[in-house]
Number of protein chains: 2
Amino acid sequence: MKRIFLKVAYDGTNYCGWQKQNNGVAVESVINNALSELLGTEISIIGASRTDAGVHALGNIAVFDTDSRIPGEKFAYALNQRLPEDIVIQESKEVAPEFHPRYCECNKTYVYRVLNCKFPIPMERLYAYFLYYDIDVDKMQEAAQYLVGTHDFASFCSVNAQVKSTVRTVNYIKVTRKKDMLYGEHDIISIEINGNGFLYNMVRIISGTLLQVGMGRMDIKEVKDILDAADRSKSGPTAPARGLSLVQINYL
Amino acid sequence: MKRIFLKVAYDGTNYCGWQKQNNGVAVESVINNALSELLGTEISIIGASRTDAGVHALGNIAVFDTDSRIPGEKFAYALNQRLPEDIVIQESKEVAPEFHPRYCECNKTYVYRVLNCKFPIPMERLYAYFLYYDIDVDKMQEAAQYLVGTHDFASFCSVNAQVKSTVRTVNYIKVTRKKDMLYGEHDIISIEINGNGFLYNMVRIISGTLLQVGMGRMDIKEVKDILDAADRSKSGPTAPARGLSLVQINYL
């Protein structure tokens, strides 16, 4: 038996999320089906991050065990031929059998994208949250620094999440304004967050809260008060799923 | 009666192109329906560029005549409320009644985008042509310069096009390699072409030909021979529609 590691990119638009649910097709189910077909036996991958419906990924990680003679690095090619265009394996390799994508230490990078201009660009409608308000990125960046470090992030966790501890470590947050990806004519605000683990909806609630600051609806220092309160009702709205992408997971 | 000018952005993926056809929904039909509904009378817009199925636009131009009392600049807001998310009016204004989007002198800017990396990114599948080959952008840029100026572009025109003259003026072509729009991890090759008019499929045939040069399948100087031959069978393949966007039309 060997353990195969997959780096998975997907457009989350047409899926109910990474994990199997009753209300749609899951990314993991599509990969399980492709793998089972390829190997002629039932395969269930173990994923690193259970992204929500509509959330995208460039580098989610999954593993599975097989005694197939296909070399680890060839699985990407074999699987991509069987996967739909909106799910693409970016890398495959053999890893140690004890490697577990959820229990091994890692840090994750998410990017939340906001399209900030007068009218939306159709090509961005599934990959960015459109806001036409004036947004002060420097204020967002300043407010974000209260969240860097090890804190109780209960204010930035969906109330229906069931976790033992709401303490997490955020390594950095960078809020930047760039020209848009497609033609360089429109502004994209990018909120890049790296941490050692995230609570349910944490990046989207942080993004929604920082955007309140950027739009001048919340003072910079309120973000510290919200963090200290450890109360979800104090923070801003959960920003829409489509703006969020899981960019990378680094195992330490 | 006044004439209203519309700057139209659209994701061409779900349309049979700008113009009404028998095989799908046209962008102009969707706008005509929204306008007719808004104004309570049948409206037919006149478009500047008849983009093909799958081709995108940030700034196609259209006009229509109305005696409505809605101020010109308000049509963008009123129409966007009635249009699907993949068609967005970027600007509206009143123009002189003699302004005609096809007969007035202008130059147009198109961008052809190629995603150049090992495996495709799902979020780019509808907005870029994926190629994993090594591509030499400097060679493409050099070859492109043969096409700048006023030439007979018969070699770069679909054989089924019916036009009086195949002479056109290309003002500039810029081929550049940039980091991808979404996350800056993947390479996008951008072929930006500006000219005073384009033949049917001209930008896609130029792009397909320059890519042959970039991949080393065609010499730089062959592009001059192809231009001189005035024969479509000499040039490269028509690059896929999804990589192409009509970015801007400037009226002089």
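**Entry 1: a term I need first.** Two strands pair if DSSP finds at least two bridges between them. With that in hand I looked up S8 (residues 167-179) and S9 in chain B, and they pair in the antiparallel sense over 9 bridges. I'm keeping in mind that this is a predicted model.

**Entry 2: S9(B) and its partners.** Which residue stands opposite Ile191(B) of S9(B)? I found Val175(B) there. Then I turned to strand S5 of chain B, residues 106-116, and saw that S5(B) pairs with S9(B), residues 187-195, in the antiparallel sense over 9 bridges. Here I picked out Tyr112(B), and its bridge partner in S9(B) is Ile191(B).

**Entry 3: S1(B) and its partners.** Next I went to strand S1 of chain B, residues 2-10. S1(B) pairs with strand S3 of chain B (residues 56-66) in the antiparallel sense, over 8 bridges. The pair I noted is Lys2(B) with Thr66(B), its bridge partner in S3(B). S1(B) also runs antiparallel to strand S4 of chain B (residues 87-95), and 8 bridges join them. There I noted Lys7(B), which stands opposite Glu91(B) in S4(B).

**Entry 4: two helices in chain B.** At what angle do the axes of H3 and H4 of chain B cross? I got roughly 130 degrees for H3(B), residues 137-144, and H4(B), residues 202-214, with the axes coming within 8 Å. That angle is why H3(B) counts as oblique to H4(B). The crossing is right-handed. On the H3(B) side I listed Val137(B), Lys139(B), Met140(B), Ala143(B) and Ala144(B), and they meet Leu210(B), Val213(B) and Gly214(B) in H4(B). By type, the residues of this contact divide into 6 nonpolar, 1 polar and 1 charged.

**Entry 5: the helices in chain A.** H3(A) passes H4(A) in a right-handed crossing. Among the residues making the contact are Met140(A) of H3(A) and Leu210(A) of H4(A).

**Entry 6: where the chains touch.** How many residues of chain A are in contact with chain B? My note says 27 residues of chain A, against 27 residues of chain B. Elements of chain A that each supply at least two residues to this side include strand S1 (2-10), helix H2 (75-80) and strand S10 (244-251). The largest share comes from S4(A), with 4 residues. I sorted the chain A side by type: 18 nonpolar, 4 polar and 5 charged.

**Entry 7: how the copies relate.** Last, I laid chain A on chain B. A turn of 180 degrees and a shift of 0.0 Å along the axis does it, with an RMSD of 0.0 Å. So this is the relation of a two-fold axis. The same surface serves both copies, as 100% of the contact residues of chain A recur in chain B.

Methods
Residues are numbered from 1 along each chain as its sequence is written. Chains are lettered from A and ligands numbered from 1 in the order in which they are written. This is a predicted model: local features need pLDDT of at least 70, side-chain atom pairs count only at pLDDT 80 or more; totals for chains, interfaces and linings use all residues. Two residues are in contact if their C-beta atoms, placed from the backbone, lie within 7 Å. Ala, Val, Leu, Ile, Met, Phe, Trp, Tyr, Cys and Pro count as nonpolar, Asp, Glu, Lys and Arg as charged, and the others, Gly among them, as polar. Axes are lines fitted to C-alpha atoms, for helices over the stretch in contact, and angles run from 0 to 180 degrees between N-to-C directions. Angles under 35 degrees count as roughly parallel, over 145 as roughly antiparallel, 65 to 115 as roughly perpendicular and the rest as oblique. A crossing is left-handed if the near helix is turned anticlockwise from the far one by less than a right angle, and right-handed if clockwise. Copies are superposed by least squares on the C-alpha atoms of residues with pLDDT of at least 70 in both.
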